[in-house]
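Subject: Structure handover

Dear colleague,

Here is the structure I said I would pass on. My notes on it follow below.

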Amino acid sequence: MAFSEDSGCGYQNFNFFLAEKKSAKAVADSACSWPGAPGVKLTARRSSLDHYFPSEVLLGIAGKDFVILAASKAAMRGPTVLKAEDDKTRQLNKNTVMAFSGESGDTVQFAEYIQANAALYSMRNDTELSPAAVANFVRGELARSLRSRSPYTVNLLLGGIDPVSEKPHLYWIDYLASLAPLPYAAHGYAQYYCLSILDKHHNPNISLEEGLKLLGLCTDELKRRLPIDYKGVLVKVITKDGVQEIPFDNDKIVRSA
């Protein structure tokens, strides 16, 4: 499409667009012109790995009639521990719990948003959502935010007991709105150290005692291998009778490899 001076407003808008484009390019060039190695341009943007591989630990184990969710207590920003007794879980209804990790502002805001919507549904319909329904609702909200200008940077584990069938369900959800039902799951650094242990020792018919022992094997391996003090884990168990916080020995001393 051609513009001329006689076309009035269109010509002026086109010149304004060119000026804006040139100024934006100048800003980008100046941001990348810091001194560094020859042929290397540096930027002020922080590494995105801080978002996608956080230092939190999330673990989930589903058994015969229960689900165990464990989340690290340390609230961290880079190498700094901001809080040593942080609860990274939210109870969504009587038989469903969600554990989260990621950017601190996103996690709390998104978890409370999901918690409020689950409670609103229960009040309006006089019934509670099943874990599968909550997981698909969470996945839909993450998919919607992913296509917005401000997506949530949140990784989740969602566990619960179906109120009708009384079967355990565990869902792995990441910041890209991927949803997968799994017998065991992990987020953060726990997935590097614990998935092989869970793969070797887990079976779908384990009892709650065996599940807690398996969780102990995972936390021992984290203490042995992980060079980060994550301040232990907060453990919650979901059964058909509800949600219960289980005391867990976080002071156990494990010899390093």
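A disulfide is taken here as a pair of cysteine sulfur atoms within 2.5 Å. By this rule the count is 0. The model is a predicted one, in which local features need pLDDT of at least 70 and side-chain atom pairs count only at pLDDT 80 or more, while totals for chains, interfaces and linings use all residues. Residues are numbered from 1 along each chain as its sequence is written, and side-chain values use heavy atoms, with hydrogens and water left out.

Cysteines

The closest cysteine sulfur to that of Cys 194 belongs to Cys 218, and at 4.2 Å it is too far for a bond. Cys 218 is accordingly in no disulfide. Buried means under 20% relative accessible area, exposed over 50% and partly exposed in between, with a 1.4 Å probe and protein chains only. Cys 194 is buried, at 0%, and Cys 218 is buried too, at 1%.

Overall

The protein chain has 7 helices and 12 strands; these are DSSP runs numbered from the N terminus (helices H or I, at least four residues; strands E, at least two). Of its 257 residues, 40% are buried. With contact meaning heavy atoms within 4.5 Å, residues 24 or more positions apart account for 62% of the contacts with a separation of 6 or more.

Cores

A nonpolar core is a set of buried Ala, Val, Leu, Ile, Met, Phe, Trp, Tyr and Cys residues joined through side-chain atoms within 4.5 Å. The largest has 23 residues, and those touching the most other members are Val 57, Leu 59, Ile 61, Ile 68, Leu 198, Leu 215 and Val 235. At least two residues each come from β1 (57-62), β2 (67-72), β10 (184-188), α6 (195-201), α7 (208-225) and β11 (233-239). The largest share, 4 residues, is that of α7. Another core, of 20 residues, lies apart from it and includes Phe 100, Ile 114, Leu 142 and Leu 156.

Helix pair

Helices α3 (residues 104-125) and α4 (residues 131-146) pack at about 135 degrees, with their axes 11 Å apart. Axes are lines fitted to C-alpha atoms, for helices over the stretch in contact, and angles run from 0 to 180 degrees between N-to-C directions. The pair is therefore oblique (under 35 degrees is roughly parallel, over 145 roughly antiparallel, 65 to 115 roughly perpendicular, the rest oblique). Phe 110, Tyr 113, Ile 114 and Asn 117 of α3 make the contact with Phe 137, Val 138, Glu 141 and Leu 142 of α4.

Regards
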